[in-house]
Amino acid sequence: MKITDQYKKGLCPISFEIFPPKGELHPEDARLVLSGLKELSPAYISVTCSAGGTGGSSKKTAELSGIVQNEFGITAAAHITGINAKKADVDAAISDIKAHGISNILALRGDRIEGAEPGDFRYGAELISYLRKSPEAAGLTIGAGCYPEGHVDCESFDKDLDHLKEKADAGAEFLISQLFFENESYYRFIDKARAKGVTLPVDAGIMPIMGKSQITRMVFLCGASLPAPVVRILAKYENDPEALRSACLDYAAAQIIGLIESGAADGIHIYSMNKPDVAKALVSEVRNARH
Ligand code: FAD
């Protein structure tokens, strides 16, 4: 299924991301994660790819995407990164992805990796543009990343939006947002992106917080800001993991409900960190509140 078809029903579908950490997620562990996520009837599952080298890690991403789609019957979106990839690496990655029957990809620059040799693509837009012209990638539905608070490296929020428009013009068909903890920043972003002429459907990225160290690391990596209510939750339940988990799930559920009710998100993409129990608790809270 083309991921873009899911938006036509206007139901704000829910999807998940799974990741092979450093390219490794043993297929048996992946199957356990996927059995749990399947119960939630996801619109699709995206599978990350380490930018450390398209060779081994892109093969793992293609394999895992194949398991998602062919064994579990869930539409998969395979991530592909360009920052350390040569054109031949990208061609090989696309050929692997297609060999597994995957027809949706998320094309990204990729996280910078210290010491890695630069590839042929400096930005996501260059990779998307290359893929659009490549006969190898013909017929693929291509998504791109977007950043409600601006990308960590961006010169300015406004310039980041110009670069987002470049990805749309290069041929991206849908967007998945970076995680954010304050819906207001997402609403601001959507208004500004639409004003720039970015009309693509956007899945809003939500990550349930599972602990202080996890969130500190994520915030450091992606530059998302932690609003005061989240900081208060982290401080209040610092020594009570159960209460912390429950308060953080409530917070993420409230974010999702707010996004759905605002109509500003075309879909919700949950960064479920390979934890189906967390995904299940979160999605049931959202579905119960809305029925
Ligand atoms: P780009 O559009 O390439 O932008 C990156 C930076 O460059 C921005 O600051 C932008 O403003 C700037 N820029 C863009 N074009 C220009 C230009 N022409 N001139 C000057 N500056 C420019 N990383 C991984 O390694 N593997 C993954 O699987 C992965 N999955 C992700 C999934 C999602 C949904 C998201 C949002 C991010 C993911 N990332 C992943 C992280 C992502 O690869 C990094 O944040 C990367 O740095 C940005 O890639 P991009 O293609 O989205 O951004």
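Okay, let's start at the ligand: His151 puts a polar side-chain atom 2.9 Å from one of the ligand's oxygen atoms. I'm calling that a polar contact, meaning a pair of N or O atoms within 3.5 Å; within protein, one must be able to donate a hydrogen and the other to accept it, and residues adjacent in sequence count only if both atoms are side-chain atoms. Tyr147 also has a polar side-chain atom by a ligand oxygen, at 2.7 Å, and for His79 the distance to a ligand oxygen is 2.8 Å. On its own the ligand has 970 Å² of accessible area, and the protein covers 86% of that (Shrake-Rupley, 1.4 Å probe).

Quick word on the source: this is a predicted model, where local features need pLDDT of at least 70 and side-chain atom pairs count only at pLDDT 80 or more, while totals for chains, interfaces and linings use all residues. Residues are numbered from 1 along each chain as its sequence is written, and side-chain values use heavy atoms, with hydrogens and water left out.

So who's in the shell? There are 24 residues around the ligand, the closest being Cys49, Arg109, Gly124, Tyr147 and Asp160; to count, a residue needs a heavy atom within 4 Å. By class that's nine nonpolar, nine polar and six charged, with Ala, Val, Leu, Ile, Met, Phe, Trp, Tyr, Cys and Pro as nonpolar, Asp, Glu, Lys and Arg as charged, and the others, Gly among them, as polar. Helix α5 (157-170) gives the largest share, four residues. At least two each come from α5, β3 (76-81), β4 (104-108) and β6 (174-179). Those are DSSP runs numbered from the N terminus: helices H or I, at least four residues, and strands E, at least two.

On a 1 Å grid over the protein atoms alone, a cavity is where a 1.4 Å probe fits but cannot get out, and a pocket is an open set with protein on both sides within 12 Å along at least five of seven lines; lining residues have an atom within 4 Å of a point.

One cavity of 30 Å³ or more turns up in the whole structure. The largest cavity holds about 60 Å³, and Tyr147 is in its lining, along with others including Phe180 and Cys222.

Last stop, the second largest pocket, at about 240 Å³. Its lining includes Leu11, Pro42 and Ile260, and helix α10 (276-290) contributes the most, three residues.

Terms used
Grid points are joined across faces, edges and corners, and a volume is the space filled by probe spheres set on the points.
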